[in-house]
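Welcome! Please take a moment to look over the structure below, and then we can walk through it together.

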Amino acid sequence: MVDNRYATAVVIGSVLSLLAAVYLSVAVGTQHWFQYRSPAVGNGVTNSSELRNLSEEFLTGDLDEKMYSDLLFRLNGTLGLWWRCILAPANSHWYKEPEPTMVTQCVSFTLHQQFEPKYKEVGNHNSAEDLLRTYLWRCQFLLPLVSLSLVTLGALVGIFSCLCHSLAPMFVVGLLHLLAGVCSLAAVACFLAGTRLLHRATILPEGIEHSLGWSLYLALVSSPLQLMSAALLMWASGSHRRSYRRMTVYRVA
């Protein structure tokens, strides 16, 4: 028999876990982790033909880190774990538009690009490899996947626990959620550290503004939700076990 308090804790922990998984999944699949704002694009300083040439280079070229970073700086770019996007003119008619319609155009990182090394001189493949930036970049996209995998594994263990009518496996579920929360927080930390190091290694154009995006905040919120879920599940399992032992001792006595 399961006490209502422990059952309520498990239900609330499960809901928090589901919210955290949804938030983290949305964060991983969107490109608004970091964003740049260029006054030249917003105020019409850059002409439309130049913008189109830059956008075509961004979409069709095999760009290294320096080239696509420069385009992100200049074209109101946004950066995610798997996507990089710019603000570019939409396909127009044969005549020249005085104020072309601006649309967001995105290119995904391939798995090979995710594992490419970073260099101390950004874009210079002859310079020494920057091991810190390389591993920060790899961790920032691997850790969220590890976190989601741990949550999925925890859900399977939780289903098994429900089928067995026992709260004992919930301690394992809570431990998996604890590790998942740490991985989510570490992914955000790696992304911020890698971005800061990139800005130190490159020269930002004058007037460029940058800020954190809502995707990063979603990933950041998912971490405390996973930790709270872990605390509730582990408390329910531990407290139910102690209560069951006391009841058993009382009945034997």
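A residue is called buried when its relative accessible area is under 20%, exposed when it is over 50%, and partly exposed in between, using a 1.4 Å probe and protein chains only. Keep in mind that this is a predicted model, in which local features need pLDDT of at least 70, side-chain atom pairs count only at pLDDT 80 or more, and totals for chains, interfaces and linings use all residues. Residues are numbered from 1 along each chain as its sequence is written, and side-chain values use heavy atoms, with hydrogens and water left out.

Let us begin with Asn76. At 12% relative accessibility, Asn76 counts as buried. This residue belongs to the loop between H4 and strand E2 (78-79); helices (H or I, at least four residues) and strands (E, at least two) are DSSP runs, numbered from the N terminus. For context, most residues other than glycine have a negative phi.

Next come the charged side chains. Side chains of opposite charge can pair when their charged atoms come close. Here a salt bridge means a side-chain nitrogen of Lys or Arg within 4 Å of a carboxyl oxygen of Asp or Glu. How many salt bridges does a search of the whole structure find? The search gives 3. One of them joins Arg133 to Glu65, with N to O at 2.7 Å. Because Arg133 lies in helix H6 (residues 131-163) and Glu65 in helix H4 (residues 65-74), this pair ties together parts that are 68 residues apart in sequence. Arg133 is buried, at 4% relative accessibility, and Glu65 is buried too, with a relative accessible area of 10%.

Arg133 also has a salt bridge with Asp130, where the closest N and O atoms are 3.5 Å apart. Asp130 has a relative accessible area of 17%, so it counts as buried.

Asp70 and Lys66 are 4 residues apart in helix H4, so about one helical turn separates them.

Now for the aromatic rings. A pair of aromatic rings is described by the distance of the centres and the angle of the planes. Rings of Phe, Tyr and Trp (its six-membered ring) pair if their centres lie within 6.5 Å; planes under 30 degrees apart count as stacked, over 60 as edge-to-face and the rest as tilted. The structure holds 7 aromatic pairs. In one of them, the rings of Phe109 and Trp137 have centres 5.3 Å apart and planes at 80°, so the pair is edge-to-face. This pair links distant parts of the chain, 28 residues apart: Phe109 is in the loop between strand E4 (102-108) and helix H5 (111-114), and Trp137 is in helix H6. Phe109 is buried at 5% relative accessible area, and Trp137 is buried at 10%.

Phe115 and Phe141 also pair edge-to-face, because their ring centres are 5.5 Å apart and their planes meet at 85°. Phe115 sits in the loop between H5 and H6, while Phe141 is in helix H6, 26 residues apart. Phe115 is partly exposed at 37% relative accessibility, whereas Phe141 is buried at 2%. Elsewhere, Phe34, Tyr36 and Phe73 form one aromatic cluster.

Some rings have a charge over them, which requires NZ of Lys or CZ of Arg within 6 Å of the ring centre and within 35 degrees of the ring normal. Arg84 lies over the face of Phe109, at 4.7 Å from the ring centre. The charged end of Arg138 sits over the ring of Tyr135, 5.3 Å from its centre.

Our last stop is helix H7 (residues 170-201), which gives the most residues, 4, to a nonpolar patch. Leu179 is found in helix H7 and is partly exposed, at 43% relative accessibility.
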